[in-house]
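Have the viewer open and follow along.

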Amino acid sequence: MEKSDHIWMDGKLVPWHEANVHVLTHTLHYGFGVFEGIRCYQRADKSSAIFRLKEHVDRLFGSAKILGIRVPFTPEEIENAILETVRANKLEECYIRPIIFLGDNKMGLNPAGVDVRVAVAAWPWGAYLGDDGLNKGIRVCLSSFTRHHINVTMTRAKACGYYINSILAKVEAVQDGYDEAILLDPSGFVSEGSGENIFVLRNGTLHTPPLASGCLDGITRDAVVEICEDLGIPVQEKQLTRDALYVADEIFLTGTAAEITPVREVDRRQIGPGHKGEVTDRVQKAFFDIVRGNCDRHTKWLTRV
Ligand code: PPE
């Protein structure tokens, strides 16, 4: 990864190499922490803006609330910490990773009395599934791993430990020669990718699984729903079966890291034209026009650095 100069830790910026924790850090042992992934884009006028900063900070605090973690900062303080981190590192475009984790002053499953700590890192991160993936589409498989049940973990939270499931699915997919994994929910309906929500086009309508499938309440997913309203593309939340993916006209994945990534193949079956479809292309263009400032729609989604 491309390093930057400073990381914000517990209230102040420290040099990248000094942003360390003790080996008995509670979250390192049990995965009980929450995090976010946010992107900052350089705009046409050369300024930089963070995409949906407030929504990401809201979800971060929501995740902490779900897990019962009391954050020793206000959402405004964390928003400012994020802006300060991007500015201090002089990054025009970057990926931002805020994390709330439990410290090292007490071990054991009951987190009562353990220090709650917060860090914000930012570094340059290009296309998550490759430039080719973004332009031509990726190859995915249905995972042998099942996405979390909504009442085993609570899937509205973006919690550290939940990602064991995503990592297992991702590693299996890559080892089997695919770019990404799609996970089914415990009832066998499509949920999402290892780190992306999914949209499926069939006969002119885009479908995306409901949150009850255990997928993350994706902020890019939400943006796509609004973008499609602008474009006049109907979107419906719908339970989708595995074979609905096979006969889809187009499929794309959405996420902060993955942005809008077309899917050209599922389980060795070509999807639609076998490259980025027309609707996917329209949604992707509209998304990049908004984040890169080539249009004046949805400027409320952008926070100037
Ligand atoms: N589902 C999962 C499981 C997920 O991790 C993400 C984001 C999404 C959906 C899309 O959500 P949103 O970013 O709000 O549109 N995954 C983050 C972590 C990726 C990583 O490899 O780390 C991200 O995209 O930042």
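Contact here means heavy atoms within 4.5 Å. By that criterion, Ile82 touches Ile38, Ile50, Leu53, Val57, Ile96, Pro98 and Val120, leaving aside residues up to four places away in sequence.

Before going further, a word on conventions. This is a predicted model, in which local features need pLDDT of at least 70 and side-chain atom pairs count only at pLDDT 80 or more, while totals for chains, interfaces and linings use all residues. Residues are numbered from 1 along each chain as its sequence is written, and side-chain values use heavy atoms, with hydrogens and water left out.

**Nonpolar cores and a surface patch**

A nonpolar core is a set of buried Ala, Val, Leu, Ile, Met, Phe, Trp, Tyr and Cys residues joined through side-chain atoms within 4.5 Å. Buried means under 20% relative accessible area, exposed means over 50%, and partly exposed is in between (1.4 Å probe, protein chains only). In soluble globular proteins, nonpolar side chains tend to be buried together.

The largest nonpolar core has 31 residues, and Ile50, Ile78, Ile82, Ile96 and Ile100 touch the most other members. At least two residues of this core come from each of β4 (38-42), α2 (53-67), α3 (75-88), β6 (94-102) and β7 (116-123). Helix α2 gives the largest share, six residues. These elements are DSSP runs numbered from the N terminus: helices are H or I with at least four residues, strands are E with at least two. A second, separate core holds 23 residues, including Ala223, Phe287, Ile290 and Trp301.

What lies on the surface? Val23, Leu24, Leu28, Tyr30, Met107 and Leu109 form a nonpolar patch there, with about 610 Å² of accessible area together. Patches are made of residues with over 30% relative accessible area and no salt bridge; like charges are joined within 9 Å, and nonpolar side chains (Val, Leu, Ile, Met, Phe, Trp, Tyr) within 5 Å. The areas come from the Shrake-Rupley method with a 1.4 Å probe, and for residues only the protein chains shown count as cover. Tyr30 sits in helix α1 (residues 26-30), and its relative accessible area of 38% makes it partly exposed.

**Arg39, a buried arginine**

Strand β4 also carries Arg39, which is buried at a relative accessible area of 6%.

**Salt bridges**

A salt bridge is a side-chain nitrogen of Lys or Arg within 4 Å of a carboxyl oxygen of Asp or Glu. The structure holds 19 of them, including these:

| Glu265 | Arg139 | 3.1 Å |

Why does the pair of Asp230 and Arg297 tie together separate parts? Asp230 lies in helix α6 (residues 219-231) and Arg297 in the loop between α8 (278-291) and β17 (302-304), so the pair ties together parts that are 67 residues apart in sequence. Asp230 is partly exposed at 35% relative accessible area, and Arg297 is partly exposed at 47%. Elsewhere, salt bridges that share partners join Arg52, Glu55 and Asp222 into one network.

**Around Ser194**

Ser194 belongs to the loop between β10 (190-193) and β11 (197-202). Is Ser194 buried or exposed? With a relative accessible area of 7%, Ser194 is buried. Its side chain makes a polar contact of 2.7 Å with the side chain of Glu180, a residue buried at 0% relative accessible area. Ser194 touches both Lys170 and Glu180, along with Tyr163, Ser166, Ala181 and Leu183, not counting residues up to four places away in sequence. Ser194 and Tyr163 are 31 residues apart in sequence, with their C-alpha atoms 8.3 Å apart in space.

Conventions: A polar contact is a pair of N or O atoms within 3.5 Å; within protein, one must be able to donate a hydrogen and the other to accept it, and residues adjacent in sequence count only if both atoms are side-chain atoms.
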